[in-house]
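Please keep the sequence and the 3D view at hand while reading.

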Amino acid sequence: MSDKPNEFGITHLRHVDLAVPDYATQRAFYTDTWGLTEVGSDGDLSYLAAEGSPEQYVVRLRHAADKRLDLIAFGAVDRAAVDALAQCLGSADVPLVTEPGDLATAGGGYGFRFFDVDGRTVEISADVEVRTHRKVEEGESVPVRISHAVVNSTDIARTRSFYERHLGFRLSDTLHKDDMGDLMHFMRCNDRHHSLAIAHGPHTSVHHVSFEMRGIDEYLRGTGRVMRAGIKKVWGPGRHLAGNNTFSYFLDPSGNTMEYTTELERLDEDAWHPHIYDVDDPLTQDQWGTADPMSELIAKESFNDVDRGVFVAPPV
């Protein structure tokens with residue numbers, strides 16, 4: 001990958017793994033409607049790649065009784081960075097799910113897993129085999145790559161601090177409302193405006209997962225295709241102020257919010273200073289003015305269900 005690693009050697013977002021009860025419906029949605037390509041399956045697992053991405057897969061679906069986030073995976077620059085990060089996390093009493101070692105997932109590699117401060121599982125890996133991919137053509141409205149993941153947290157200041165302190169993520173911008181405080185922190189691990197964002201929500205859950213399109217035309221074509229397929233559109237099309245990226249949000253069949261985006265801002269790390277954007281300013285949410293005004297009803301769509309996969313640490 002071309003992304004420059006951060007101070008802890010983390011380079012980029014690799015994939016998001018979801019467990020769903022309606023596996024066949026979800027599998028059909030992501031391949032037939034959303035535009036991902038199934039590159040492998042193993043029993044009740046499906047590995048879904050983005051045509052323009054060298055990642056082995058960007059979404060893994062698993063059939064399960066309960067909907068949940070299985071994990072979020074980030075890349076690291078090399079095995080030494082993986083080992084160093086695992087040692088630092090262990091020394092800070094961050095619960096490790098697995099110790100560093102060879103991975104049995106598609107593309108192999110070397111990595112480990114841990115629980116973040118909200119109890120979600122995170123994987124850090126290096127030396128994953130690069131997938132043969134291709135250039136997405138003009139007018140082709142399929143995702144080029146995974147862009148970012150946004151998670152809900154009941155304490156976004158605590159979650160932000162965890163990712164800053166233990167993983168070297170940096171704050172890019174914050175959404176704020178005078179009568180509610182900070183509502184979202186945009187965090188980066190490279191020069192992309194955000195690979196992870198932390199939203200204030202009533203419980204720990206997935207807020208949304210975003211996929212980068214080739215350009216504006218492809219983004220709008222994709223938005224129209226998904227709308228014509230009868231998939232519920234939550235919000236968009238529009239262009240955010242924070243990150244300057246376009247957005248179209250939809251609910252997948254399990255109720256997870258998925259986004260098409262393009263043109264996410266690349267930052268000058270040496271010159272960037274985080275902004276605090278007022279969500280009551282219409283330009284903050286949508287510079288174009290094409291999307292419906294943000295409302296409580298729209299916001300609630302991405303609260304999602306309580307994540308059944310969250311680890312709750314036993315009392316000390």
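**Salt bridges in the predicted model**

In this predicted model, the side chains of Asp70 and Arg62 meet in a salt bridge, with N and O 2.8 Å apart. Asp70 counts as buried at 7% relative accessibility, whereas Arg62, with a relative accessible area of 24%, is partly exposed. A search of the whole structure finds 26 salt bridges, and the points below take up some of them.

*The network around Asp70 and Arg62*

- Both Arg62 and Asp70 belong to a network of salt bridges that also links Asp17, Arg60 and Arg68.

*A pair between two strands*

- Arg113 and Glu123 form a salt bridge through their side chains, and the N to O distance is 2.9 Å.
- Because Arg113 lies in strand S7 (residues 110-115) and Glu123 lies in strand S8 (residues 121-126), this pair ties together parts that are 10 residues apart in sequence.
- Arg113 has a relative accessible area of 23% and is therefore partly exposed, while Glu123, with a relative accessible area of 2%, is buried.

- In the salt bridge between Asp116 and Arg120, the closest N and O atoms are 2.8 Å apart.
- Is this pair made of buried or exposed residues? Asp116 is buried, and Arg120 is buried as well.

Methods
Residues numbered from 1 in each chain as written. Predicted model: local features only at pLDDT ≥ 70, side-chain atom pairs only at ≥ 80, totals over all residues. Heavy atoms only, no water. Salt bridge = Lys/Arg side-chain N within 4 Å of Asp/Glu carboxyl O. Buried < 20%, exposed > 50% of the residue type's maximum accessible area, 1.4 Å probe, protein only. Helix = DSSP H or I, 4+ residues; strand = E, 2+ residues; numbered from the N terminus.
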